[in-house]
Amino acid sequence: MIRENLASFFKNWQIDKARATEVLSENKKYNSELKSGKIPGKTHPADKKTYSLYNLNSASIISKELPTLFHTKAGLPKSKYKIQGSIGQGNPAEIPWICVFDLDITKSAQDGFYIVYLFTSDMSGVYLSLNQGWTQYEREYGTKEGRIEIKKNATVSKKLLKSDQGFSYSPIDLKATKSLGKGYELGNICSVYYDANEIPPEEDLINDIRNLIGVYRELKGRVGSDIIDIKGQLDEDSFQIEIQKGKRKELQSGVIQKKEKKQGSSSTSWARDSNMAFTALDNANFQCENDPTHKTFISARTGKRFVEAHHLVPMEYQGDFAVSIDVPENIISLCPNCHRAFHNSEASIQEGLIAKFFALRSSSLEERGIYISLDKLLEYYKTTPNNV
């Protein structure tokens, strides 16, 4: 039944879309004339013509038939997964879709990350994709920067996944011309493509979505629900490289609200913002704050000396604080050698570094609402000496 419904949608959508576009155009013209009083005997707002895309024959396939079949055939309980299809709101969509939302992550195609069937604009095929909500990036960064960030996060996601279950990491081509469709193309993490003329057997379609659910769960386990902050879940070396690509953040004074705790299995379960770290390095003029005479190579990304970011109060202990400790005041710019000394040097050297920067930073930390004693800070390092 899934296969037959997909075939029917491929066959009928272009015809239905053209018909709907024509009716909507006629209605727009009529309503404009109605508003201007050019239609004799028609002056009441109730005379306005309306049209719902979901009156189309192919609409029920996307909005009802296939979501129901995926719930039942793939064994996806409604208590855990919401399945929703769309052919557009008001006007026909360039890229019709059917989303599978993990309710712990999102209930909307605008936010979070999810599994989605994305139909190409010319109806030549459909991608089953692990993807991201484009609108959250556009809202957070704007269109230009949003496209850069969503692509970055797709790349990071691929690095974090241990198993792709045979899905492709290659880019997808929806033949999109509009911003939303291009956002889906950039947000793809992994996918499988079905040609409209060669739709696989029912069993293969069901197995594919079940397998992609497994990948979806793995990504959820590694990054939690907020994929915008996924770069904070990178391993230490990768995160330090990501900082070099960062942008300065202009922050207001006072406390900054902390992010939700992650559910991931990376070195820290709390997200680190590479832009916060970049800001701290920029504040230090990309010099080693322990000894500015320490010289390193020039970073290809920044054009400045390569330095690394170190959280004085380790991020592992974010849960002990009511406010964010991922702030520039808590991040030290260090040459790689001094950074390693914070973690791996003998006790007297490490304690000296901690005490030195505690004295330098304690007042500015308190301005951010971060209150901690030197004894407590030393205790943190003894418990988890390799944290950042």
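Axes here are lines fitted to C-alpha atoms, for helices over the stretch in contact, and angles run from 0 to 180 degrees between N-to-C directions. The model is predicted: local features need pLDDT of at least 70, side-chain atom pairs count only at pLDDT 80 or more, and totals for chains, interfaces and linings use all residues. Residues are numbered from 1 along each chain as its sequence is written, and side-chain values use heavy atoms, with hydrogens and water left out.

**Figure 1. Overview of the protein.**
The protein has 11 helices and 7 strands. Both are DSSP runs numbered from the N terminus: helices are H or I, at least four residues, and strands are E, at least two. Along the principal axes, the C-alpha atoms fill a box of roughly 85 × 55 × 40 Å. Of the 388 residues, 51% are buried. Buried means under 20% relative accessible area, exposed means over 50%, and partly exposed is in between, with a 1.4 Å probe and protein chains only. Contact means heavy atoms within 4.5 Å. Among contacts between residues at least 6 apart in sequence, 69% join residues at least 24 apart.

**Figure 2. Helices α9 and α10 at their crossing.**
Helix α9 spans residues 336–344 and helix α10 spans residues 347–367. They pack at an angle of about 110°, with their axes 8 Å apart. The two helices are therefore roughly perpendicular to each other. Angles of 65 to 115 degrees count as roughly perpendicular, under 35 as roughly parallel, over 145 as roughly antiparallel and the rest as oblique. The crossing of α9 and α10 is left-handed. A crossing is left-handed if the near helix is turned anticlockwise from the far one by less than a right angle, and right-handed if clockwise. From α9, the contact uses A341, F342 and H343; from α10, Q350, L353, I354 and F357. By class, these residues are 5 nonpolar, 2 polar and no charged. Ala, Val, Leu, Ile, Met, Phe, Trp, Tyr, Cys and Pro count as nonpolar, Asp, Glu, Lys and Arg as charged, and the others, Gly among them, as polar.

Helix α7 (residues 236–243) packs against helix α8 (residues 274–283) at an angle of about 65°, with axes 9 Å apart. The crossing is right-handed. F239, E242 and I243 of α7 meet S274, A277, F278 and L281 of α8. This contact has 5 nonpolar, 1 polar and 1 charged residues. Q244 sits in the loop between α7 and α8. Q244 counts as buried, at 7% relative accessibility. Beyond its neighbours within four places in sequence, Q244 contacts F278, L281, S299, R301, T302, F306 and V307.

**Figure 3. M276 in helix α8.**
M276 belongs to helix α8. Its relative accessibility is 6%, so M276 counts as buried. Leaving aside neighbours within four places in sequence, M276 touches K249, L251, I256, D326, V327, P328 and I331. M276 and G166 are 110 residues apart in sequence; C-alpha to C-alpha, they are 36 Å apart in space.

A disulfide is a covalent bond between the sulfur atoms of two cysteines. Here the term is applied to a pair of cysteine sulfur atoms within 2.5 Å. The structure holds 0 disulfides. For C99, which is in no disulfide, the nearest cysteine sulfur is that of C190, 15 Å away. C99 is buried, with a relative accessible area of 1%. C288 is also in no disulfide, and the nearest cysteine sulfur, that of C338, is 3.7 Å away. C288 counts as buried, at 1% relative accessibility.

Most residues other than glycine have a negative phi. M123 is not a glycine, yet has a positive phi of about 60°. M123 lies in the loop between β3 (113–119) and β4 (125–132). M123 is buried, with a relative accessible area of 7%. F286, also not a glycine, has a positive phi of about 55°. Its loop runs between α8 and β6 (308–311). F286 is buried, with a relative accessible area of 3%.

**Figure 4. E140 in helix α3.**
E140 is placed in helix α3 (residues 134–141). With a relative accessible area of 53%, E140 is exposed. E140 and S63 are 77 residues apart along the chain, and their C-alpha atoms are separated by 29 Å.
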